[in-house]
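Here is a colleague's note to read beside the model. Keep the viewer open and check each point as you go.

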Amino acid sequence: MHKGNEPAAPHPALSELLPPLSDHEALVEANRCLFCFDAPCTHACPTHIDVPRFIKKIASSNLSGSARTILDANLLGATCARVCPVQELCEGACVLGAEHKPIMIGRLQRYVMDHAYDGRQPVFSVAPPTGKKVAIIGAGAAGLSCAGELAKRGHAVTVYEKRDLAGGLSTYGIIGLREPIPVALAEVEMIRRMGVEFRTGSELCNDLRLADLRSDFDAVFLSFGLKAAVQRLGIPGEEDIIDGLSYIEQSKVDPQSLKVGASVIVVGAGNTAIDCATVAKRLGAKQVTILYRRTENEVSAYRHEMEFIRNEGVEFRFLTQPSSVVTRDGHVAGMECIRMALGAPDATGRPTPQPVLGSKFFIAADQIVKAIGQQRPPITGALGLTTKDGYIEVNAAFETNIPNVFAGGDCIRSRGTCSTVMAVQDGKLAALSIHERLAARVAGGV
Ligand SMILES: Cc1cc2nc3c(=O)[nH]c(=O)nc-3n(C[C@H](O)[C@H](O)[C@H](O)COP(=O)(O)OP(=O)(O)OC[C@H]3O[C@@H](n4cnc5c(N)ncnc54)[C@H](O)[C@@H]3O)c2cc1C
Ligand code: SF4
């Protein structure tokens with residue numbers, strides 16, 4: 001795991017994939033927008049950015065006003081512009097998509113946010129101090145969004161983060177091709193300029209106790225995400241398999257030290273697996289094979305990601321279940337696998353893969369990476385939180401079973417896909433609930 005406050009220079013093969021739009025391109029694209037009334041793209045954005053409004057301001061060369069429109073709804077507009085699955089969200093809802101090309105909303109949003117950060121403009125003024133204090137655990141998308149929204153309203157916010165750098169998965173987990181580290185850190189800096197205090201290297205349940213935070217602060221927001229490790233495969237030789245999250249993290253923070261095999265197997269077929277395969281291929285692996293126990297119809301990776309990774313030259317082996325790691329002379333030599341067939345649907349409605357008798361076979365590889373989904377949120381039991389399927393349970397106001405302790409982001413996402421924009425929205429809505437509670441106390445003189 002990376003330690004230190006200075007990430008290494010990014011590897012050129014993993015630098016940001018899409019170039020920024022030029023002023024001319026942005027203007028032409030903005031002028032294609034129909035500026036719909038009650039726009040479907042705004043409804044489709046989980047943070048409900050007023051998309052036609054920010055695009056109209058690009059068309060009238062008011063880039064600061066445009067940035068303001070984005071940040072009013074979503075403080076992590078620069079990250080979301082890069083990582084949102086726009087095909088499934090705002091751009092997927094664009095009325096121009098049916099017969100023509102949808103507006104490039106994500107890239108226009110990036111254009112505006114790049115302008116805002118280049119200018120280092122103080123985008124927000126904050127309300128006078130309320131005298132109320134909030135502690136936030138975890139400086140990922142949910143924590144940063146909550147911190148900024150509370151700071152805007154005059155509350156004193158301290159963010160406790162266990163890692164050396166803030167930003168959560170935007171800093172350590174999303175590959176540089178989509179989001180370089182400086183983009184995530186610039187957003188942290190903006191939140192810091194709003195008056196939020198960051199204490200990195202502080203871990204709840206290790207350096208901090210929830211009971212102390214509850215007595216020192218008026219409210220606590222838990223946004224510690226999921227465990228920074230993928231689930232166990234439970235097969236012999238698992239200790240020789242590399243964790244996909246560490247693989248990606250190293251490719252971002254210290255790419256020169258990442259040893260990539262010549263022939264790499266990636267186990268899993270979600271977006272993390274696609275990212276691991278991309279890292280392997282771009283950092284020199286000759287052969288990269290993704291193993292998945294169901295068929296292409298059941299993969300959780302987005303279609304555009306599947307298309308991307310195929311173009312990178314990565315091969316898929318569907319209906320393939322790894323059964324053990326094979327080593328020779330202390331080195332990984334490959335995997336024993338079993339062929340699968342699809343059976344009856346499970347509780348989630350997906351067909352259950354069943355092993356085909358006598359179908360064992362071997363795939364040679366000198367490196368194996370597992371990317372089968374992150375483990376559930378840690379420390380929930382130690383904190384005495386009520387959980388559902390291992391995720392923190394919250395009410396409609398994002399409050400947990402412990403009074404004045406709120407939660408949001410991946411650690412509460414027991415259903416649906418985890419995404420940055422959903423975490424940002426959780427942080428924003430939780431901040432509004434916390435503010436309402438604290439404002440009532442201020443009004444009541446408590
Ligand atoms: C490989 C990968 C790729 C992804 N790609 C995309 C993508 O392209 N688009 C997209 O929308 N989403 C993507 N996601 C999902 C997205 O990154 C998450 O949904 C989002 O980061 C969740 O934000 P969060 O604030 O809930 O958690 P996190 O970003 O995980 O932040 C949690 C923070 O809490 C800290 N923390 C943990 N425990 C403690 C503790 N005890 N004390 C103090 N601090 C603690 C952690 O160090 C971390 O900084 C990806 C996820 C992964 C794993
Ligand atoms: S935040 Fe994401 S979903 Fe919302 S408008 Fe921006 S790119 Fe689209």
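1. Ground rules. This model is predicted: local features need pLDDT of at least 70, side-chain atom pairs count only at pLDDT 80 or more, and totals for chains, interfaces and linings use all residues. Residues are numbered from 1 along each chain as its sequence is written, while chains are lettered from A and ligands numbered from 1 in the order in which they are written.

2. Around the ligand. Start with ligand 1, which has 37 residues around it. Gly138, Gly140, Gly168, Gly225 and Gly409 come nearest. (A residue is near if its C-beta atom, placed from the backbone, lies within 6 Å of the molecule.) The shell holds 17 nonpolar, 13 polar and seven charged residues. Here Ala, Val, Leu, Ile, Met, Phe, Trp, Tyr, Cys and Pro count as nonpolar, Asp, Glu, Lys and Arg as charged, and the others, Gly among them, as polar.

3. Who supplies the shell. At least two shell residues come from each of α8 (141-152), β2 (156-161), α13 (271-282) and α16 (420-443). Helices (H or I, at least four residues) and strands (E, at least two) are DSSP runs, numbered from the N terminus. Domain 2 (133-227 + 375-443) and domain 3 (238-370) both contribute, so ligand 1 lies between them. The domain bounds come from an automatic or database domain assignment.

4. One sheet. Five strands form an open sheet in the order β3-β2-β1-β4-β16, with parallel pairing. Its edge strands, β3 (197-200) and β16 (405-407), each pair on one side only. Strands pair if DSSP finds at least two bridges between them. β1 (residues 133-137) and β2 share five bridges. Find Ile136: its bridge partner in β2 is Val159.

5. Another sheet. A further open sheet of five strands runs β5-β13-β6-β7-β8, again with parallel pairing. β5 and β8 (315-317) are the edge strands. β7 (residues 287-291) and β8 pair over three bridges. Ile290 has Phe316 as its bridge partner in β8.

6. Why is α12 (residues 244-253) largely enclosed by the rest of the structure? Nine of its ten residues are buried, so the rest of the structure largely encloses the helix. (Buried means 20 or more other C-beta atoms within 10 Å of a residue's own; exposed means 12 or fewer; partly exposed is in between; C-beta atoms are placed from the backbone.) The buried residues include Tyr247, Glu249 and Lys252.
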